[in-house]
Amino acid sequence: MQGVDLHTHSNISDGTLSPAELVRAASQIGIHTLALTDHDTMDGLILAEQTATECQIQIISGVEISSQWSRPATKKSYGVHIVALNMQNPEPLQDLLTQQKLIRAERARQICDLLIPLIGQDIYQDVIAKVDNEPDRVTRTHIAKTLVEKGCVSRPQQAFDKYIKEGKKAYVKFEGPSLADTIAVIHQSGGYAVLAHPTRYDLSATNIRYLIEIFALAGGDAVELPPAIEPLSTRQMVDRMIAEHQLKVSVGSDFHGDNMPWIKLGNIPRVKEGQVGIWESFV
Ligand code: AMP
Ligand code: MN
Ligand code: MN
Ligand code: MN
């Protein structure tokens with residue numbers, strides 16, 4: 001499994017390397033199987049594949065889908081990211097992504113509108129300039145970077161903490177499809193559904209377990225192994241849930257280039273004895 005990275009971003013969404021630069025960088029450090037998993041878009045895939053032919057690297061089609069789930073008891077819904085991998089027939093998924101892009105574009109405008117009274121200016125034009133004036137590619141990372149450039153905050157993380165994360169005044173929820181619908185569409189496209197970074201949603205241990213359980217019941221295929229920086233007890237809890245529900249595992253760095261310089265391309269967690277990698281199912 002050395003040489004595999006199944007969760008990476010390019011500058012088609014909130015990474016900083018172009019798809020071609022990403023593929024070359026991956027090839028140079030010995031990655032042989034790479035999935036480009038931009039947020040709600042597969043538009044970088046062709047560019048990545050074009051470069052892959054000169055680099056002897058296998059590109060797996062991928063996308064990180066903004067989905068949601070809810071606890072029936074509280075009716076509260078939570079955002080969750082589902083990584084779709086290895087689509088054989090992307091058409092059903094492309095229809096869903098068309099919808100996601102509309103939501104993303106509308107939400108970018110809404111977040112900037114909510115920011116106006118808080119920062120005294122409209123940063124929308126500067127935000128979309130970061131994504132070649134294509135509003136359907138805007139992520140909160142771009143908004144955070146723009147807030148830093150405008151001097152409203154000193155670091156991107158501060159932009160999240162002060163304005164755009166859940167609970168803050170300029171937070172706008174991403175009204176994506178349900179977990180079950182997302183998984184169903186991925187399967188219609190012949191792909192695999194992976195629960196992305198299960199420990200990164202600010203959920204209690206109980207809710208992480210519940211999320212993995214409903215993901216499995218909805219037909220999900222694999223869970224991303226948490227990075228080594230997570231507490232051992234948390235990683236073991238995820239391992240137990242993976243085993244209990246007979247899920248496969250996926251490995252990815254969630255590389256974002258210089259937008260998150262502490263995340264290194266190809267830096268993936270170790271697979272435990274008995275765990276089955278989703279990459280073994282790729283054709
Ligand atoms: P979006 O899909 O527009 O909600 O943007 C999500 C992206 O913003 C994630 O993939 C991360 O790259 C980044 N992000 C989300 N939450 C945070 C946070 N609390 N701090 C820093 N970056 C974050
Ligand atoms: Mn991101
Ligand atoms: Mn994510
Ligand atoms: Mn990601």
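How many bridges join E6 to strand E7, and do the two run parallel or antiparallel? Hi everyone, let's start right there. Two bridges join E6 to E7 (residues 222–224), and these strands run parallel. Two strands count as paired if DSSP finds at least two bridges between them. The names are simple too: helices (H or I, at least four residues) and strands (E, at least two) are DSSP runs, numbered from the N terminus.

Before we go on, a word on what we are looking at. This is a predicted model, in which local features need pLDDT of at least 70 and side-chain atom pairs count only at pLDDT 80 or more, while totals for chains, interfaces and linings use all residues. Residues are numbered from 1 along each chain as its sequence is written, chains are lettered from A and ligands numbered from 1 in the order in which they are written, and side-chain values use heavy atoms, with hydrogens and water left out.

Now the overall picture. The chain has nine helices and eight strands. Its radius of gyration, taken over C-alpha atoms, is 18 Å, close to the 19 Å of the globule rule for 283 residues, so the chain is as compact as a globular protein of that length. That rule is 2.2 Å times the number of residues to the power 0.38. The C-alpha trace spans about 55 × 50 × 35 Å along its principal axes. Of the 283 residues, 55% are buried. Buried means under 20% relative accessible area, exposed means over 50%, and partly exposed is in between (1.4 Å probe, protein chains only). A contact means heavy atoms within 4.5 Å. Among contacts between residues at least 6 apart in sequence, 71% join residues at least 24 apart.

Back to the strands. Strands of a sheet pair through backbone hydrogen bonds, either parallel or antiparallel. E6, helix H8 (residues 205–217) and E7 make a right-handed β-α-β unit. Right-handed here means that, with the strands pointing away from the viewer, the path from the first strand over the helix to the second runs clockwise. E6 (residues 192–195) is also joined to strand E5 (residues 77–85) by four bridges, and that pair runs antiparallel. There, Ile82 stands opposite Leu195 in E6.

There is also an open sheet of three strands, in the order E1-E2-E3, with parallel pairing. E1 and strand E3 (58–60) stand at the edges with a single partner strand each, so one side of each is left without a neighbour in the sheet. E1 and E2 (residues 33–35) pair over two bridges, and the bridge partner of Val4 in E2 is Thr33.

Next, the manganese ions. Donors are N, O and S atoms within 2.8 Å of the metal (3.2 Å for Na, K and Ca), and water is not among the atoms, so sites may look incomplete.

Which residues coordinate ligand 4? They are His7 (NE2), His9 (NE2), Glu64 (OE) and Asp254 (OD), at 2.1 to 2.2 Å. His9 lies in the loop between strand E1 (4–5) and helix H1 (19–28), and Asp254 in the segment after strand E8 (248–250), so the pair ties together parts that are 245 residues apart in sequence. His9 is buried, at 0% relative accessible area, and Asp254 is buried too, at 7%.

The manganese ion (ligand 2) is 4.5 Å from the manganese ion (ligand 4). Its donors are Asp14 (OD), His39 (NE2) and His256 (NE2), at 2.1 to 2.2 Å. His39, in the loop between E2 and helix H2 (45–55), and His256, in the segment after E8, are 217 residues apart. Both count as buried, His39 at 9% and His256 at 3%.

The manganese ion (ligand 3) has Glu64 (OE), His81 (ND1) and His197 (NE2) as donors, at 2.0 to 2.2 Å. His81 sits in strand E5 and His197 in the loop between E6 and H8, 116 residues apart. Is His81 buried or partly exposed? At 22% relative accessibility, His81 counts as partly exposed, whereas His197 is buried at 9%. The manganese ions of ligands 3 and 2 are 5.6 Å apart.

One last stop: Val172, in the loop between helix H6 (156–164) and helix H7 (179–188). Val172 is buried, at 12%, and touches Arg107, Gln110, Ile111 and Leu114, not counting residues up to four places away in sequence.
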